[in-house]
Amino acid sequence: MSDIGYVRAADQGSALALVAEDPDAVFLAGGTTELDLALKDQVVHPSRFVDIGRLPLRGVTRDGDRLRVAALTTMEELAADPTVRDRLPFVREALLLGASTQLRNMATIGGNLLQRTRCRYFRDPEVGACNKREPGSGCAAIKGVARMHAILGAGPTCIALHASDLCVPLVAMDAEVELLDADGTRTVPLTQFYRTPGDRPDVENVLRHGELVTHVQVPLLPAGARSGYLKVRDRTSYEFATTSAGAAITVEDGTITWARLGLGGVGTVPWRAWEAESVLVGAPANERTFRAAAEAAIRDPFTVPGTAFKVELAKRTIVRILRTVTS
Amino acid sequence: MTATLAKENVIGRPIDRIDGRRKVAGAAPYPSDFDLPGQVHAALISSTVAAGRITRIDRSRAEAAPGVLTVLTHDNAPALVDPPQNALGSTMRRPLRDDRILHYGQHIGIVVANTRAEALAAAKLVEIEYAEEDPVLDLDDPRAAVEDNPFGMASSRGDVPAALAAADVTVDGTYTIGAEANSPMGLFTTVASWQGGRLVVHDTTQAPSFLRIALSVMFEVPEENVRVLIPFLGGGFGAGLRLWSHTVLTTLAARVLDRPVKLVLSRPQMFHSVGHRAASRQRVQLGADRDGRLTALDHDAIAANGMGDNLPSPIVAVTPATYACANVATHERRAHLNIPYTGFMRAPGAVEAHFAIESALDELADQTGVDPVELRLRNYAEVHPESGKPWSSKALRECLEVGAQRFGWAGRDPAPRSTHDGDQLVGQGMAGASFEFYALPCTVRLAVDRRGNATVRTAGTDIGTGTYTITAQITAELLGIDVENVRVVIGDTDQPPAPQSGGSGLAGALAAAIQNAAGELAEQLARLDGRPGESFASLLDRHGLDELAVTGYSDLAGAATHSDVAPAGAFAAAYAEVGVDEELGVVRVRRLVSVIDGGRVFNAKTARSQAIGGAVMGIGMALLEELAYDPNSGRVANGTFGDYLVPVNLDVPDLDITFVGEPDTFNPTGGKGLGEIGIVSIAPAIANAVHHATGRRIRDLPITLDKML
């Protein structure tokens, strides 16, 4: 039996030190992913949890046209924030379409960014071939039951999906992550925070060991922009997205003057559809443009038989959300 | 309170469950709630390949691990006797029989330690090597061994090929249904304890009397020395109808250690340890005249079965009795695969058959232009189509008509794709359902005491359907006492033997046995010279008796063989309205009307709960649920509640549930079982509604969004 230590950090400094001094120690926030992985599934093996749940990293502040969200703010708290409701409505929609009320009351924003994939091959220790757990061991999912898996940023080493809803509008809005360790603070754009699997599917982001996500900064929608988040799934609630899209658009005289598009349910990382945005800006807000944007967004997908349907579904999801926010 | 006059209108009343307060207060003991003095904890060792042989087992690291008391595998465990076939036709390949691996997750050993955590940790330390073989996992795999008509369920009347050839209109469709997991909330548990030569087992079973027999044979102890206790079960939906290897292994470990041993399955283990609805493929061919009158019905079904297993999959059993048709043929096959053992799941066979037949009838309605409801009425079986005898009760016509009225079917535009609502195409579909009569013998002990209380005892259990409550209601009415004065002792094989809670057979058999006992009691009371209006208390007092106890018995199936009516099961009709977002493929049920003929309803509230549960499960079957096996390893690839999707509240619209019909004329209490009928017509009604919405006929369940793109 492997014992896992637990210590509650008294303050930020000791939290950083307690993780930094032990290469196998991890931060524990809401616990909605980490405890499953370590205790139930036993696919990660931390030496100890450093509980940061009581650190004063909670709350939402507004600084001009930016929102600064402390990492321990819960999903429900962020969804209830008046500025989010008025100026980032698609962030609120994405939050409330995620998980369940019970989980949203526990899960933190920092934890949401760092959630691990739901791939059942990753989460079952009886499966030997998982490059994400053990680089070089192979990928059983590619030849297996793949449905809730990625088609963008995926490759023969790994097709595990980043399943966050929240991150879809966040990458679309150029959110930034504030990171802290003993050396100080750095700020990383969320679009550069994640790493596609490549030859190291086990390395999912640029976070260093012992580095703590303290805040997420989100620019507010510009005046006149409209946004929306669409989540497509078989079960009406409490299911991860089969595909999703978050769009924010400004239309002037029938022409799109500003556009942001993020995709969920399709990427190994929260997916920013840059190419689609290029198609949209300057084009008329019509079906033809939307379809062209969708085609541009889903270019060169990596599919397996179980995920092939997502190519067309993702495109239709994009068209639908663009139609919705421009109508 | 009289000894001779029955109390009226207790049966049928929607009273609260008499065990409800205990359940919501957490005071009802489910199997996992039992802890015995000196008890230790078990964990299972499961195969990580789907086919082959075990070539090496090294238990040494596990045996040396903290707290470990024993590790049992096939090469060191005491031999057991093979279990007998039970009344459901189910047998089992006994665990630890040899080195063969027949499916992924097969229980190949058990570890017992002082704590559950120690047992789980040690189970991972057992080193096992396999000579792995390529598993056969798919119904279509040509390597699969296929048996033809293994249970003699194939049947034939008339001349189907000639009738098909001569038909004005024909339909020929192939329908597939994915494997489904029963998914009860309660984790299956065994707590086994040997007390001298006597075995006491708390076990999650729907069939305590069968389990007692099986354990008595396997462990070579007299039946009377085995006691199975299951007062509260925690849901089964058929999963508790078979003998499972975890029960046997826990009992074995308890005997080896001579200590009480407890095992609670994990949720992932539930997906491969307690059965599932087998994947199936059916072909239905219909022949009809231009008015939609059936002239031929050919029904061929193949279902998956575990390797080396022997479970009946009665898909075609109900077919000959569904509709009036002179020429009917059924064919049954099963394919043996390296999958976890299949089991029974709510309305086994009947629900699969109805998806195929009721979908095919919808196709026939489409071809002939006859309204789907009218089509079913034109082919209504006024008498039992096989025996020609009148039904003991049948209100399917009322189900169809009342359902149509409540749903507003008359206003429906028959053309597919005729109704839009925003982004959705709206469709309406319906289906009928016929359920087979089924019963096994049942015995009860009924006693009245000097305080005017009655006690009913039987081994059968309550799987959450309301057996406690209807037992009390029936007894109260027949004895003329209040429900509060009836004590119900069930789920204990030290009580008289009863059938399983399954096949919608327990309520009818139990009610008939109670009635038989009440009659016996009345005779005894008459012999005691009871005065009109005299209470039990007074009568017993006068004779110096503490209590009066009688035995009641029913054998409805036996009586059926010489009955001049055809005993009927329940009937139903379902009407569904769906919205299909065609661009995104998403199907949602907007409205659902379910009308059920369950004969005399024993409790309107618990009956309604059964109908609701069946409808919800039917929505899952239609739109969400499918067990996925990894095509390489045979491992269940979605064995969690995050990955195997059952309906949530938002998937279920307001349900309109109605009961129709008259008391059944064959069952002396007028009741018919209704635990399963509620699911039978739901999936075809939804699939037919999807066709009406979109013009697309999906013959493959579940109808997930990828199939709609």
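Helices (H or I, at least four residues) and strands (E, at least two) are taken as DSSP runs, numbered from the N terminus. On that basis chain A has 13 helices and twelve strands, and chain B has 18 helices and 26 strands. The structure is a predicted model, with scores of ipTM 0.97 and pTM 0.97.

**Confidence**
- Chain B has a mean pLDDT of 96, with 99% of its residues at 70 or more.
- Over residues 1-5 of chain B, pLDDT stays under 50. The model gives this stretch 16 contacts beyond four places in sequence.
- Where pLDDT is low, the predicted coordinates should not be read in detail.

**Overall dimensions**
- Chain A has a radius of gyration of 19 Å; a compact globule of 327 residues would have one near 20 Å, so the value agrees.
- The box filled by the C-alpha atoms of chain A, taken along the principal axes, is roughly 60 × 50 × 35 Å.
- The C-alpha trace of chain B spans about 80 × 70 × 50 Å along its principal axes.

**Domains of chain A**
- The domain assignment of chain A gives domain 1 as 5-53 and domain 2 as 226-326.
- Between the C-alpha centres of domain 1 and domain 2 of chain A the distance is 36 Å.

**Interface between the chains**
- On the chain A side 21 residues are in contact with 29 residues of chain B.
- Helix α13 of chain A (residues 309-326) gives the most to the side of chain A that touches chain B, contributing six residues.
- By class, that side of chain A consists of six nonpolar, five polar and ten charged residues.

**Seven-stranded sheet of chain B**
- Seven strands of chain B form an open sheet with mixed pairing, in the order β3-β5-β1-β13-β10-β11-β12.
- The edges are β3 (68-73) and β12 (226-229) of chain B; each has a single partner strand, so one side of each is left without a neighbour in the sheet.
- From one strand to the next, the twist averages 20°.
- Within this sheet, strand β10 (residues 189-195) and strand β13 (residues 261-264) of chain B run antiparallel and are joined by four bridges. A192(B) has V261(B) in β13(B) as its bridge partner.

**Helices lying across the sheet strands**
- Helix α3 of chain B (residues 116-123) lies across β1 (40-46), β3 and β5 (107-113) of chain B. The helix α3 of chain B runs at about 25° to β1(B).
- Helix α5 of chain B (residues 208-218) lies across β11 (198-203) and β12 of chain B, and runs at about 145° to β12(B).

**Pairings of strand β19 in chain B**
- Strands of a sheet pair through backbone hydrogen bonds, either parallel or antiparallel.
- Strand β19 (residues 442-449) of chain B pairs with strand β22 (residues 547-554) of chain B in the antiparallel sense, over eight bridges.
- Together β19(B) and β20(B) make a hairpin with four residues between them. In the turn, G452(B) has a positive phi of about 85°.

Notes: Residues are numbered from 1 along each chain as its sequence is written. Chains are lettered from A and ligands numbered from 1 in the order in which they are written. This is a predicted model: local features need pLDDT of at least 70, side-chain atom pairs count only at pLDDT 80 or more; totals for chains, interfaces and linings use all residues. Two strands pair if DSSP finds at least two bridges between them. Axes are lines fitted to C-alpha atoms, for helices over the stretch in contact, and angles run from 0 to 180 degrees between N-to-C directions. Two residues are in contact if their C-beta atoms, placed from the backbone, lie within 7 Å. Domain bounds come from an automatic or database domain assignment. pLDDT is the predictor's confidence in each residue, from 0 to 100. Ala, Val, Leu, Ile, Met, Phe, Trp, Tyr, Cys and Pro count as nonpolar, Asp, Glu, Lys and Arg as charged, and the others, Gly among them, as polar. The radius of gyration is taken over C-alpha atoms; the globule rule is 2.2 Å times the number of residues to the power 0.38.
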